[in-house]
Amino acid sequence: MRTRVRAGDQGAFGELFDAYARAVYNHAYRLTADWSTAEDVMASTFMEAWRLRDKVDPEGGSLRPWLLGIATNTARNQFRSNRRYRRAASAAAAAETAVPDHADEVAGRIDDRRRIATALTALAALRRPEREVITLCLGEGLDYEAAAEALGIPVGTVASRLSRARKKLRRTAAGNAAEKVRVNREGPRPVRQTRGDHAKAIRPAQEGNR
Amino acid sequence: MNANTPRDEQDAQLLSRTARDLPSGRHQFHKERLMAQIHEQVQQSRRDERTAAPAVPAAPAKARRLRLPRPAITLPAMAFGLSAVIVAGVVTLGGGDGVRESGVATGPALTTDIGTATTKGVPQLLDQISLAAAEGDHPTVRAGQYIYIESVLADTHVRTVDDRSSLVGQELHKRQMWESADGVEGWLIDPAVNDSSEGETLTLPDEQGNTPKAHLGSPSYDYLAKLTTDPDALLAKIYKETEGQGNTPDQQAFSTIGDLLSESYPPPELYSALFETAAKIPGVVVVDDAVDAAGRHGVAVARLDETSGQREEWIFDKKTHVYLGARNVQVKPLKEEGILIKPGTVNFTMAIKNRAVVDGMKETPSAPAPSQAG
């Protein structure tokens, strides 16, 4: 397959598309929080793959990591600022959960929407490089080497980003749970205190948070 | 290689179980389109080889910026995006790994002096702001008219090139947005976003025929006009509809109101009510001095997101209490990806330059629309 892709075999690209369009589409969605953007990213990814075909290493396994890497770069363009991603993610999460439950909508579908909303909200709490690693490794199940190949970064970097991202996800999940329990929004927040706080100017604000 | 502990399994499920199929017919549609484009390129490069064999220099990769359309872009815009890919494919073969830069120059991270925050006087200030807001000139928007918002903005973000991350600040740039009262039609000119200086359409529905419904996170003028102006009811609605979003419910409520104040033009009753609502959110502070993106000093109503150490500030004129703009300032150090985001870093800054109701898209209050006036 790699040889055929490098040679510009058009049929090979058709096969690639059939095999990986869905994976690229879903990966793009996690990175853009918008299904229609994800579709655009998916389409552009395969065109970009065609353009970059002679960069494919002749040796190696599946081309899926390579395609997901191109999709990551393409999606990165959509949301250069994390702020924009967060907005999109929260809008999408709201849209996924706000849709009225149709009588004919099966329970599984509603669960699916909830899961998507939860996932997007969690992803929005990450910085972009972390989000990219976590969607590749956990969303698409790439191992460290494949994710490193996809992103063009060292394996060690993948590992460290992933562990940081996981920690954050858990912290976010724990934080959300804690927030719901704490009805009056008071009390210490030991988990969230940043150590080494040098911004003295802001002290009064923190102390004064009710 | 991945150690699969039960917790990892949970994490993995969080993401992988969200997978969906492409909408029906779209797989085949995109496949045919891809094959047609590849075919076309092959033909084109054969023609090129015949005509201008030696004369193709290594074209500058930078000159050709590939950008994808933003969300909610119509089919023609998408076709444009794809045809741009084709052209670029010919020009910049081997021109990089697909990472592209925005259309706005970047420089060092933006910084500022952090103003002093206090909870003292928050209700009084918001009261004054609310009163000023009620007096403001807010014409109603008729069907067929558009809301026009002109702003200047810039942000600071982590840029990663070849695994080396650095903090860069965007050059301050102008942004113009038009939106119909129902939120369905729109146009955006923002060099940080657009491919072309003409801007791009925000008109809905998208290529799948979906007309997204206006909601709190993406409101149209019509939606805002129908929103309750009772602060308690409004606050309850905000908490309910943003549940689970953002770092904390309070911060998310504050940000939601902040977004309604910035690139939108709420009717006066609601505009005024938004400030009364904000006054009810715990943790809101007054910052004695803040500068908007246009360099105007003012007083800010702000809230610290304790998770990220970032303070969101809404900036008002000290005397008239008119809304000037907003910014997001790092007030506690945050280390991410080996990059330290120091206190005083301006993560985002924006100033509203003009808000108006105009009769046509791409029409500004001072100049009629280029082609489609009225």
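Strand pairing and burial

Me: Which residue in S11(B) is the bridge partner of Trp314(B)?
Reply: This is a predicted model, in which local features need pLDDT of at least 70, side-chain atom pairs count only at pLDDT 80 or more, and totals for chains, interfaces and linings use all residues. Residues are numbered from 1 along each chain as its sequence is written, chains are lettered from A and ligands numbered from 1 in the order written, and side-chain values use heavy atoms, without hydrogens and water. Strands (E, at least two residues) and helices (H or I, at least four) are DSSP runs numbered from the N terminus, and two strands pair if DSSP finds at least two bridges between them. For Trp314(B), the bridge partner in S11(B) is Ala326(B).

Me: How many bridges join S10(B) to S11(B)?
Reply: S11(B) covers residues 323-330 and runs antiparallel to S10(B). Six residues lie between the two strands of this hairpin, and His321(B) in the turn has a positive phi of about 60°. The bridges joining S10(B) to S11(B) number seven.

Me: Which residue of S10(B) is the bridge partner of Ala302(B)?
Reply: S9(B), residues 297-305, pairs with S10(B) in the antiparallel sense over seven bridges. The partner of Ala302(B) is Glu313(B).

Me: Why is S10(B) largely enclosed by the rest of the structure?
Reply: Buried means under 20% relative accessible area (exposed is over 50%, partly exposed in between; 1.4 Å probe, protein chains only). One side of S10(B) has Gln310(B), Glu312(B), Trp314(B) and Phe316(B), the other Arg311(B), Glu313(B) and Ile315(B), all buried. S10(B) is largely enclosed because its buried residues number seven of the seven.
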